[in-house]
Amino acid sequence: MPASIITRELTKRYGNDPAVALDKLSFEIKPGEVYGYLGSNGAGKSTTIRLLMNFIQPTGGSATIAGFDVVTDSVEVKKHVGYLAGDVALYPKTTGHDLLNYLDSLQGGVDADYRRKLEKRFEAETHKPIGELSKGNRQKIGILQALMHRPDVLILDEPTSGLDPLMQEAFYDSIREARDRGAAVLMSSHNLAEAQRVCDRIGIIKHGKLVREQTMGADTELGKPVFHVTLADPKQLAQLKKSAHLSFLSQEGSNTALLQANGTIASALKDLSQFEIRDLLTQQISLEDEFLEFYGDKS
């Protein structure tokens, strides 16, 4: 099945700045897939989203959404996309009801029953002027306008910002519904637990580069055990790093390493048995461990 979102070496440099904000980004998101896009502030997440929405122009590379080029076919692209900005800016004097009606008319009509279902699910205060709403309640209106026309593609920048836990659950339910009907979802987030819970895959971006992609699920790397190994002889650590059935993750001091099984557990333990081990602990790696591997002390 063709991917709904495709980027090919998508690059952005602002003005004469020698540093690139986005450096040859390439990924694909298929229909019925939720892709979590993770990174710190300034990593390039919002730049990516603005390029996909054609709010800014790429310096190099290309991107397509639903088969249409995001630059040359921008109008057609927007017919397929539900978009939520990272900092929702809505007309403050109009009510949520009137705004949604206006956007409904621009779409040529939406399913009224589905819209009412969303309004009820999110307990949206659509009768009040948007300027009188709290951040969380403004966020709800932003989510409604992105979801209500059941788009083929959802592009959501920090979508749960300002939502309380109950409304976050409502959002997750809505994203699962969108995925189940075949929508492709690109969701940027700082919330690691959220990404691990709702996403099918995640990509970690740092300094404009996609440094890691990870499929979520019990049978992937996140589900494989990690061994915290302290050797009696520090000189053996170099040899341990070369193990065929263990992946080296990090080192602590001169004789302690964090290793992950890259085959069967039995094969990993067999490799470990060749060394004199002073201490051995096992743990499950989490998405936060993955994230900190790229955003910890490393530059």
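What is the accessible surface of the protein, and what share of it belongs to carbon and sulfur atoms? In this predicted model, the accessible surface comes to about 14,500 Å², and 50% of it belongs to carbon and sulfur atoms. The C-alpha atoms fill a box of roughly 70 × 45 × 35 Å along the principal axes. Within the protein there are ten helices and 14 strands, and buried residues make up 47% of the 299 residues. Of the contacts with a separation of 6 or more, 66% involve residues 24 or more positions apart.

The charged side chains come next. The protein has 35 positive and 40 negative charges, whose mean positions are 2 Å apart. The count of salt bridges comes to 15. One of them joins aspartate 23 and lysine 209, at 2.9 Å from N to O. This pair links distant parts of the chain, with aspartate 23 in strand β2 and lysine 209 in strand β10, 186 residues apart. Lysine 209 is partly exposed, at 43% relative accessibility.

Other salt bridges connect helices. Aspartate 104 and arginine 115 form one in which the closest N and O atoms are 3.9 Å apart. Because aspartate 104 lies in helix α3 and arginine 115 in helix α4, the pair ties together parts eleven residues apart in sequence. Aspartate 104 is buried, at 16% relative accessible area, and arginine 115 is buried at 9% relative accessibility.

Glutamate 169 and arginine 197 also meet in a salt bridge, at 2.6 Å from N to O. Glutamate 169 lies in helix α6 and arginine 197 in helix α7, so this bridge ties together parts 28 residues apart in sequence. Glutamate 169 is partly exposed at 28% relative accessibility, as is arginine 197 at 48%.

Definitions and conventions. Residues are numbered from 1 along each chain as its sequence is written. This is a predicted model: local features need pLDDT of at least 70, side-chain atom pairs count only at pLDDT 80 or more; totals for chains, interfaces and linings use all residues. Side-chain values use heavy atoms; hydrogens and water are left out. Helices (H or I, at least four residues) and strands (E, at least two) are DSSP runs, numbered from the N terminus. Buried means under 20% relative accessible area, exposed over 50%, partly exposed in between (1.4 Å probe, protein chains only). Contact means heavy atoms within 4.5 Å. Accessible areas come from the Shrake-Rupley method with a 1.4 Å probe; for residues, only the protein chains shown count as cover. Lys and Arg count as positive and Asp and Glu as negative; His and the chain ends are not counted. The place of a charge is taken as NZ of Lys, CZ of Arg, CG of Asp or CD of Glu. A salt bridge is a side-chain nitrogen of Lys or Arg within 4 Å of a carboxyl oxygen of Asp or Glu.
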